[in-house]
Amino acid sequence: MAVSSPLQLSIVIHPVVIFTICDSYERRNEDIDKIHGTLLGKVEKERIEIRNCFIDDNPTASGKKKFNFEEFQRLFDLHQRVYPSEVIVGRFSTGNQIDELALAMQTFFSRVIESSYVAFPIHLLVDTNLTNSHMGIQASVYHRYGVPGNDNGSIFTPIHYSMSYYPEEMSATQLFQSNLAIGGVAPVQNDMQQVIATSTKIDELLDEVIKYVEDVMAGNIPFDSKLGRSLSDAIIAVPQIDQSVFKDMMNNSTQ
């Protein structure tokens, strides 16, 4: 990976990574205040896409954390059987700051990751303690500094990231957000409820599109050529199906 500076990196995170970390944190032993683990994903030049993760620190009988390399290797091997294209791209930890264990593990892993997968390993810090009633998410890149052949120290450089959604992830995220404003529990909808909700949303969006087109035709708002091409592409992509055929398809699929 020919990247000379961490500022050249483009970091993309999938929601399932955050959900997995939060779920693992909720399932931890009561005497454990933080969890640590490995980030996995795909690397394409300067773009790092974080798709999955797993926990690899294990508490001992005394409550102290202990890293089991054999257990880590077993989990990584199992993961690659399912997702052979995904590699190790960094580490994650919970809390509002990087602790000594996270630093030690990042240093250990970086010597392996840098030579095999990425030039600048990622560290993802997820504030599951909800400091100031907010779950902060911070992405950093880890790199060592010093003269060639004699590294004198290491540093975490914060870096911008973006969230990316598969269609299934988008649907789940929208469901969670639907009741977020009122602090309620988002119910799981059955198939018919999902069809009704989706159809209602599509109907609302079509109303907005029709209003936009009418306003442009009436000269109330200026024409946007980029938006016009997008609307044209959307219309072309819609399959031409007879109304009676479409009705039969809907009835057969919702029985």
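Trainee: How many residues apart are lysine 211 and aspartate 215 in helix H5, and what does that mean in helical turns?

Mentor: This is a predicted model, so keep that in mind throughout. Lysine 211 and aspartate 215 sit four residues apart in helix H5, so about one helical turn separates them. The two form a salt bridge, with the closest N and O atoms 3.0 Å apart.

Trainee: And aspartate 215, buried or exposed?

Mentor: Buried, because its relative accessible area is 18% and the cut-off for buried is under 20%.

Trainee: What about burial for glutamate 49 and arginine 47?

Mentor: Glutamate 49 counts as buried, at 9% relative accessibility. Arginine 47 is partly exposed, with a relative accessible area of 31%.

Trainee: How many salt bridges does the count come to?

Mentor: Seven.

Trainee: OK, switching to the inside. Which residues have the most contacts in the largest nonpolar core?

Mentor: Leu39, Ile50 and Leu124, in a core of 23 residues. Elements giving two or more residues to this core include strand E1 (10-13), helix H1 (15-26), strand E3 (47-55) and strand E7 (122-126). H1 provides the largest share, four residues.

Trainee: What does leucine 124 touch, leaving out residues up to four places away in sequence?

Mentor: Among its contacts are Ile13, Val17, Ile18, Ile21 and Leu39. Leucine 124 also touches Arg91, Phe92 and Ser93, as well as Ile137, Gln138 and Ala139.

Trainee: Which residues does the second, separate core include?

Mentor: Phe76, Ile88, Met105 and Phe109 are among the seven residues of that core.

Trainee: Now the surface. Which residues make the nonpolar patch there?

Mentor: Met192, Val195, Ile196, Ile241, Val245, Phe246, Met249 and Met250 make a patch of about 670 Å². In soluble globular proteins, nonpolar side chains tend to be buried together.

Trainee: Which helices each supply at least two residues of the patch?

Mentor: Helix H5 (191-217) and helix H7 (243-253). H7 gives the most, with four residues.

Trainee: Where is valine 195, and what is its relative accessible area?

Mentor: Valine 195 lies in helix H5, the helix that also holds lysine 211 and aspartate 215. Its relative accessible area is 30%, so valine 195 is partly exposed.

Note on methods:
Residues numbered from 1 in each chain as written. Predicted model: local features only at pLDDT ≥ 70, side-chain atom pairs only at ≥ 80, totals over all residues. Heavy atoms only, no water. Patch = residues over 30% accessible without salt bridge, like charges linked within 9 Å, V, L, I, M, F, W, Y side chains within 5 Å. Areas by Shrake-Rupley, 256 points an atom, 1.4 Å probe, with all protein chains shown as cover. Salt bridge = Lys/Arg side-chain N within 4 Å of Asp/Glu carboxyl O. Buried < 20%, exposed > 50% of the residue type's maximum accessible area, 1.4 Å probe, protein only. Core = buried A, V, L, I, M, F, W, Y, C linked by side-chain atoms within 4.5 Å. Contact = heavy atoms within 4.5 Å.
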